[in-house]
Amino acid sequence: MKVLFAFGLLGSLLACSSPSVEPVQEAEPRILVFYKTSGYYHASIPAGLVAIRQKASANGIQMDTTNNAARFTPDGLQPYAAVVFLSTTGDVLAPQQQSAFERYIRSGRGFVGIHAATDSEYDWPWYNGLVGAYFNDHPAIQQATVRVVDKAHPATAVLPDAWTRTDEWYNFRNLHPGLKVLANLDESTYTGGNMGANHPIAWYHTYDGGRAFYTAGGHTAESFAEPLFMQHVMGGITYAVGN
């Protein structure tokens with residue numbers, strides 16, 4: 001009995017003296033915002049960088065920025081849950097960098113394209129599939145109404161069914177058939193649209209193992225001061241980052 005009591009007392013003392021185990025804290029996800037241009041440079045890019053950083057930080061997401069395509073290597077992309085192309089234009093990645101980005105997406109990571117991301121990499125068919133379409137042309141900046149058709153997505157959940165705002169409205173070509181359209185542009189509310197009743201302006205899809213979201217808004221610096229537009233962008237980033 002004394003031996004059993006001694007062992008029981010020893011066990012109780014060890015249990016009391018053992019350090020408490022703290023729960024493991026997961027690191028905040030990190031995104032890379034890429035804004036290289038080899039064509040038209042959008043003056044709204046600096047405003048976009050500031051606004052996205054503020055919104056990402058408020059949502060527990062860390063952010064790095066670069067216009068240096070040399071970051072597109074397996075090691076350079078490894079820290080990021082998603083990569084954002086912010087109004088990139090023209091040919092921005094060399095073939096080896098393109099291959100690294102393809103492997104990155106195939107590993108289950110995310111992509112976000114904003115505005116002129118569709119005005120990029122016209123000779124890279126894989127990218128056409130990822131971003132979802134290529135820019136064709138646009139009329140003058142003007143007010144138009146966006147018709148939200150899917151509100152079960154974080155990029156559109158907070159938007160009104162009819163969202164009226166001012167921007168540069170793209171017409172597209174080479175739309176990918178697997179796109180899940182979130183919102184269409186109502187061509188009856190402005191001049192210069194040439195796609196008809198089905199004019200997608202924001203969409204998402206899974207692609208080659210990863211997740212992709214695109215919004216055509218963001219030509220003007222004022223766009224990035226619009227609370228609803230930034231909630232829309234942040235919803236797309238949240239989707240691309242995943243769980």
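This is a predicted model: local features need pLDDT of at least 70, side-chain atom pairs count only at pLDDT 80 or more; totals for chains, interfaces and linings use all residues.
Residues are numbered from 1 along each chain as its sequence is written, and side-chain values use heavy atoms, without hydrogens and water.

Helices (DSSP H or I, at least four residues) and strands (E, at least two) are numbered from the N terminus. Helix α4 spans residues 95-106 and reaches 17 Å from its first C-alpha to its last, close to the expected 16 Å (1.5 Å times one less than its number of residues). Its buried residues (under 20% relative accessible area, 1.4 Å probe, protein chains only) include F101 and Y104. The buried residues of α4 pack against elements including α3, β3 and α5 (contact means heavy atoms within 4.5 Å).

The whole structure holds 22 aromatic pairs. Rings of Phe, Tyr and Trp (its six-membered ring) pair if their centres lie within 6.5 Å; planes under 30 degrees apart are stacked, over 60 edge-to-face, and the rest tilted. Two pairs are tabulated.

| Pair | Centre distance | Plane angle | Class |
|---|---|---|---|
| F135 and Y170 | 4.5 Å | 55 degrees | tilted |
| F172 and Y214 | 6.0 Å | 85 degrees | edge-to-face |

F135 lies in β5 and Y170 in the loop between β7 and β8, so their pair ties together parts 35 residues apart in sequence. F172 in β8 and Y214 in β11 are 42 residues apart, and both are buried.

How values were computed. Buried means under 20% relative accessible area, exposed over 50%, partly exposed in between (1.4 Å probe, protein chains only).
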